[in-house]
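Reader: I'd like to go through the labels used for this one and hear what stands behind each of them. Can you take me through it?

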Amino acid sequence: MTLLKSREAILVGAILLLLALVASRFPGFVTPSNLVAVFTDTAPLIILALGQMVVILTRSIDLSVAANLALTGMVCALINVSFPGVPVPVLVALALGLGALMGAINGFLVWKLTIPPIVVTLGTMTIFRGVIFLLTNGSWVNSHQMSAAFKAFPRENILGLPVLGWIAVIVTLILGLVMSRTTLGRAFFAVGGNPHAAVYTGINVGRTQFLAFVISGMLAGLTGYLWVARYAVAYVDIAGGFELDVVAACVIGGVSIAGGIATVGGAVLGALFLGIIKNALPVIDVSPFWQLAISGAAIIIAVTFNSRAGRSKGRVILKSAEHAQ
Amino acid sequence: MKKLTKLLTTAAIATGLFAGAASAEDMRIALVVKALGIGFFEAAAKGAEEAASELGDVEIIYTGPTDTTAEGQIEVINSLIAQNVDAIAVSANDTDALVPTLKKAMQRGITVISWDSGVAEEGRQMHLNPSSNPLIGNMIIKLAADELPEGGQVAVLSATTTSTNQNIWIDEMNKVMSNYPGVEVVATVYGDDLADKSYREATGLMQSYPDLDAIIAPTSVGIVAAAQAVVDAGKVGQVNVTGLGLPSEMAGAIESGASKSFAIWNPIDLGYSATMIAYHLSKGDAVAEPGASIPMGRMGEVTLDETNSGAMADPFVYDASNIADFKDIF
């Protein structure tokens, strides 16, 4: 019963149903090789959704992830153009560091200046995009300028899955461990669930939110390099509007926008759900005019499920309390 | 130190004056660009110099503001009026803002034309478009069809469903489809000018139509993303990506073989043609009026429509043979 009611189970069911629907119109979609391709294509969304999940969990939101991704990606691309000899692991470390730094700026403003997160990240979102423009004067970094190793890394195939997909798997595992097995992970839940109670247990709410932003920024930075290498192009507008997809993936995955409720599995499944829709729409021959409406409807249906599930749970607790008396 | 500076300045001015005197007979044509330091316009200046050396008695003044503002261009044009140049050919940063200044220039007898990015009708004698919608529509299908002598399936990857330019070009393309028997447009999809969505749409096309022979993307984001998708799908040689793109952005796709050829206007030809037109108008051996034809040297001639604008030529085709010459230009 509890298994059936859990959000993850509902999402798995929804994803299977979705796959069955797509397969009925285009059987080639559910071949193992294509599913691997879909998973790989969704990997950036999964990674970002996990970072966003941590932030939303602490009653904040990070709208600057896509801009962070674009700026880090551009910096990596520019470094690769100027110094083609810099090995990929160094670039990955740099991307993580730069992303974390940008996340730290967000976190610092939220923590020390107590500006609402939505305002802070709306501001930094524009600033990060602006910085890319300053760096490049709006010009592109193109495929032929990037080194072969730079572009090959996310595509490298290990045991049938490209590195990009493996990174999503690894990030999921690490986040799963952090959220369930570390004090930091529990602090995220405590801060989002009840900040006042968290203070009494000795948790620094601002600092916890700061760390959430650092994690989100770090993952956005990592995705920045992967994104630029995968699409082999970097310019000001890459991943434009992607932050909304990331938030949508979280919401579909049962992350409560009010904070305090989230699971790693939920965020991953939410991202997968959205990723499957994005990949399926082009092959099932739906008019492009309908595609946006379908994506939007899927999000609203998922959120409706979400709020309904939350509400009934509350009633059950009250009833059982009544019975107990 | 101060004396030395003064001396040098004097010398410089003197040289300038002598140089001015020496070429007083030459016609001075100013090529005003959106901003200095942009590869596209540097290439146009190269074309203008080519025209000048062909004509012989022409001096080119290549100038523009340091950033793409209308104010900067107005300043530049004012100083050109003060120098009393013979003709101004401008690629405008703003359709309307330059009109008063350019009107003043025309009142002083200076020939004023716009090219690439136009000025409102009252601010210029004629406008030279790099190409025209029918020519572009025809070119994008021709690029695909030329590689498919036996016919085949092609699909269009456009920008957004509401992109005016792309929709007009696709319409124009559909009008001439009967000239390319055997070539069938199986689908039109929209990548919204986002790299990731365009990539996904291109991948989807290859899955939905396993026999697809070409993807036509009349948008610079789409064509790059489609080429990358073809490479990643291992379909280089099977699916040819073509359409409109910039040489700097498409060099990788040409190198990998994902794209055999693509098109965009040639800035060198554009600068050349603008100079030729300015020369003939200023000389008085051509008139800018609806229906008139103005010679443009090796580019043939341009015919003006009722708004006094004309199209230079077909978009220029780039392929493995010439991409290296252009990839560093724009």
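**Where the chains meet**

Author: The contact takes 22 residues from chain B and 19 residues from chain A, where a pair counts as in contact if the C-beta atoms, placed from the backbone, lie within 7 Å. This is a predicted model, in which local features need pLDDT of at least 70 and side-chain atom pairs count only at pLDDT 80 or more, while totals for chains, interfaces and linings use all residues. Residues are numbered from 1 along each chain as its sequence is written, and chains are lettered from A and ligands numbered from 1 in the order in which they are written.

Reader: Which elements give two or more residues to the side of chain B that touches chain A?

Author: Strand S7 (183–190), helix H7 (195–208), helix H8 (220–232) and helix H9 (247–256) of chain B. Helices (H or I, at least four residues) and strands (E, at least two) are DSSP runs, numbered from the N terminus. H7(B) gives the largest share, 8 residues.

Reader: What makes H8(B) and H9(B) roughly parallel?

Author: Their axes, lines fitted to C-alpha atoms over the stretch in contact, cross at roughly 30 degrees and come within 10 Å. Angles run from 0 to 180 degrees between N-to-C directions. Under 35 degrees counts as roughly parallel, over 145 as roughly antiparallel, 65 to 115 as roughly perpendicular and the rest as oblique. So H8(B) is roughly parallel to H9(B).

Reader: Which residues of H8(B) and H9(B) make the contact?

Author: Ser220(B), Ile223(B), Val224(B), Ala227(B) and Val231(B) from H8(B), with Glu249(B), Met250(B), Ala253(B) and Ser256(B) from H9(B). They divide into 6 nonpolar, 2 polar and 1 charged. Nonpolar covers Ala, Val, Leu, Ile, Met, Phe, Trp, Tyr, Cys and Pro, charged covers Asp, Glu, Lys and Arg, and the others, Gly among them, are polar.

Reader: Over in chain A, why are H9(A) and H11(A) called roughly perpendicular?

Author: Helix H9 (residues 183–193) and helix H11 (residues 205–231) of chain A pack at about 115 degrees, with axes 10 Å apart. H9(A) and H11(A) are therefore roughly perpendicular to each other.

Reader: What is the handedness of the crossing of H9(A) and H11(A)?

Author: Left-handed: the near helix is turned anticlockwise from the far one by less than a right angle, whereas clockwise would be right-handed. Among the residues that meet are Leu184(A) and Phe188(A) in H9(A) and Val205(A) and Leu211(A) in H11(A). The contact of H9(A) with H11(A) has 7 nonpolar, 2 polar and no charged residues.

Key. Two residues are in contact if their C-beta atoms, placed from the backbone, lie within 7 Å.
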